[in-house]
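Let's take a look at this protein chain together. Have the sequence and the 3D view ready.

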Amino acid sequence: MDESRQSPSGAGAVLRELAPPPALCGFLLLLALIFAASYGVGDSAGPVAPGMHGTGSSSGDGTDGGGGGDDMGDMGNMRGGDH
């Protein structure tokens, strides 16, 4: 009555052995759905700070839409060579 269980051989067994666990697949699917939903809500809400512009778009009034690296805003002269 002692029958030993033999694992099935073939390509199907190899694929089942290499496949990730179903819990991991479910977690990754849930993570992707949450990311897609949050991205959609954020995209529909728009910018959250006044004066923010989209990246790489031109508004037509001579200013570029992005926040350029040369823009110092109201920080004044930060070089301060007079100590």
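## Helix α2

How far does α2 reach from its first C-alpha to its last? It spans 35 Å with 24 residues, close to the 34 Å expected at 1.5 Å a residue (1.5 Å times one less than the number of residues). Helices here are DSSP runs of H or I, at least four residues, and strands are E runs of at least two, numbered from the N terminus. The chain has 2 helices and 0 strands.

## How the model is read

This is a predicted model, where local features need pLDDT of at least 70, side-chain atom pairs need 80 or more, and totals for chains, interfaces and linings use all residues. Residues are numbered from 1 along each chain as its sequence is written, and side-chain values use heavy atoms, leaving out hydrogens and water.

## Out in the open

Buried means under 20% relative accessible area, exposed over 50%, and partly exposed in between (1.4 Å probe, protein chains only). Of the chain's 83 residues, 2% count as buried, and α2 has 0 buried residues. Leu28 sits in α2 and is partly exposed, at 46%.
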